[in-house]
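This report describes the arrangement of helices, strands and a ligand site in one protein structure. Please keep the sequence and the 3D view at hand while reading.

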Amino acid sequence: MASARTTPLHSLLVFIYRDIYTCFLKELRRHRQPIDCSKIARVAGITVDIIIYLEVWILFKSKVLDEVKRIYSQGGNIIKHLREIEQSQHNSTESILISYDFQAGSYVKAYKKNSKIYHRMIDQFVAELKALGGFRSIMEAGIGEGTTFRYIIHNLSTTISHANCYGFDISWSRLKVAKDFLQANSIVGQHLFVAELSSIPLKDNSIDIVYTSHSIEPNGGKERPILEELYRVTKNYLVLFEPDYELADDAGKKRMEEHGYVKDLAGVAKSLGYNVIKHKLLGYSVNPLNPTSVIVINKQKSDISVSDDNPFRCPITKTDLINCGEIFFSPQAYLMYPVIQGLPCLLDSQAILGCRYDIHVLG
Ligand SMILES: C[S@@+](CC[C@H](N)C(=O)[O-])C[C@H]1O[C@@H](n2cnc3c(N)ncnc32)[C@H](O)[C@@H]1O
């Protein structure tokens with residue numbers, strides 16, 4: 001699958017579809033009625049049927065977001081609502097994004113209210129990470145609002161420089177909360193970026209330790225591609241602090257099924273041939289219905305190739321991604337990724353074709 005997406009044609013398709021989407025949104029805002037898109041359809045070489053489908057889809061989506069807003073304001077469960085619309089037992093990536101983005105700010109609020117219960121839980125994470133010995137770089141995949149990351153980095157501060165700490169999340173809004181929260185707690189200089197767990201914009205073996213804290217959790221059904229991607233980026237250890245369906249009691253299992261949570265991460269890792277050196281339930285979990293286990297995977301030395309100093313790569317073409325300040329740029333693929341409020345947005349869907357960027361800006 002990865003190689004099929006690395007062609008220039010794919011980059012072009014990303015560009016064309018983004019354009020059509022933007023055009024629809026503009027037209028919808030202007031007329032609030034069906035659009036004649038036959039010209040765009042001809043240019044893009046797609047049928048009008050698809051266009052009409054897209055039009056209905058966008059109208060439907062804006063309705064969905066209105067409803068999500070209403071549910072959130074009443075304290076309801078957004079992700080459950082979206083799963084019901086999609087009539088699926090699993091959460092789609094888009095539902096996860098919408099659901100978490102709407103909740104931005106809620107984790108820092110809860111953390112500030114009762115930091116002790118979170119510290120009790122994260123102390124266990126710190127002990128597991130420290131037991132792995134010395135390392136130069138670390139990343140939290142699915143960092144949320146940075147509450148777990150802050151406490152871990154604070155406790156590892158004597159052994160690791162902030163410049164070698166990384167964190168990403170699919171939700172820009174949560175990442176912005178994380179950035180402000182970390183800054184207020186004197187954790188600065190780390191690399192935060194928007195990205196997706198199964199398409200991480202980093203090179204192979206680029207980070208010594210990659211860990212997750214309940215971020216794979218809502219991605220039930222995608223255990224395998226997510227583990228493969230995390231393992232690819234890891235250089236030494238992949239450490240998962242995730243809910244454990246297999247070790248939960250019946251009430252916990254029922255809740256996890258209702259939420260579309262992941263299952264059997266240790267089993268999937270073993271089936272992929274990974275070296276699982278630890279798998280156990282932690283002694284304390286903030287929510288007993290969502291018990292956390294630790295899974296430590298040691299990357300086989302034979303899998304490791306040398307990577308250079310710049311860990312970033314284009315999530316679409318897998319070519320080098322250069323930090324140009326206002327954007328991250330892939331010179332080989334001519335793709336630009338925006339940086340908003342200091343946060344690089346490195347999702348596939350956020351790419352913009354910019355053939356002239358290197359000529360006009362880089363010189
Ligand atoms: C339960 S929160 C945990 C946040 C953080 N790790 C912590 O310990 O506080 C799950 C986080 O994972 C992120 N997430 C879930 N699925 C993701 C995906 N497929 N790609 C990137 N981030 C994801 C969500 O946006 C959310 O911020």
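## The ligand shell

Helix α5 gives the most to the shell around the ligand, contributing three residues. The model is a predicted one. Both α5 and α8 (147-156) supply at least two residues each to this shell.

How many residues surround the ligand? There are 21, and the closest are Gly142, Gly144, Thr148, Ser213 and Ser215. Sorted by class, the shell around the ligand holds ten polar, seven nonpolar and four charged residues.

## The packing of α4 and α5

Helix α5 (residues 93-102) also packs with a helical partner: its axis and that of helix α4 (residues 78-86) come within 9 Å and cross at roughly 155°. Angles over 145 degrees count as roughly antiparallel, and therefore α4 is described as roughly antiparallel to α5. The crossing in which α4 passes α5 is right-handed.

On the α4 side, the contact is formed by Ile78, Ile79, Leu82, Arg83 and Glu86. These residues meet Ser95, Ile96, Ile98, Ser99 and Phe102 in α5. In terms of class, the contact of α4 with α5 comprises six nonpolar, two polar and two charged residues.

## The packing of α7 and α8

The other helix named in the ligand shell, α8, packs with helix α7 (residues 115-130). Their axes are 10 Å apart, and the angle between the helices is about 50°. This angle makes α7 oblique to α8. The crossing of α7 and α8 is right-handed.

Which residues of α7 and α8 meet? From α7 come Tyr118, His119, Ile122, Phe125, Val126 and Leu129, while α8 provides Thr147, Thr148, Tyr151, Ile152, Asn155 and Leu156. The contact of α7 with α8 has eight nonpolar residues, four polar ones and no charged ones.

Seven strands form an open sheet with mixed pairing, in the order β3-β2-β1-β4-β5-β7-β6. At its edges stand β3 (191-194) and β6 (275-281), each of which pairs on one side only. On average, neighbouring strands of this sheet are turned by 15° against each other, direction ignored.

Within β7, valine 294 is the bridge partner of lysine 280. Elsewhere in the sheet, helix α9 (residues 172-184) lies across β2 (165-169) and β3. Helix α9 runs at about 165° to β3.

Key:
Residues are numbered from 1 along each chain as its sequence is written. This is a predicted model: local features need pLDDT of at least 70, side-chain atom pairs count only at pLDDT 80 or more; totals for chains, interfaces and linings use all residues. Axes are lines fitted to C-alpha atoms, for helices over the stretch in contact, and angles run from 0 to 180 degrees between N-to-C directions. Helices (H or I, at least four residues) and strands (E, at least two) are DSSP runs, numbered from the N terminus. Angles under 35 degrees count as roughly parallel, over 145 as roughly antiparallel, 65 to 115 as roughly perpendicular and the rest as oblique. A crossing is left-handed if the near helix is turned anticlockwise from the far one by less than a right angle, and right-handed if clockwise. Two residues are in contact if their C-beta atoms, placed from the backbone, lie within 7 Å. Ala, Val, Leu, Ile, Met, Phe, Trp, Tyr, Cys and Pro count as nonpolar, Asp, Glu, Lys and Arg as charged, and the others, Gly among them, as polar. A residue is near a molecule or strand if its C-beta atom, placed from the backbone, lies within 6 Å of it. Two strands pair if DSSP finds at least two bridges between them.
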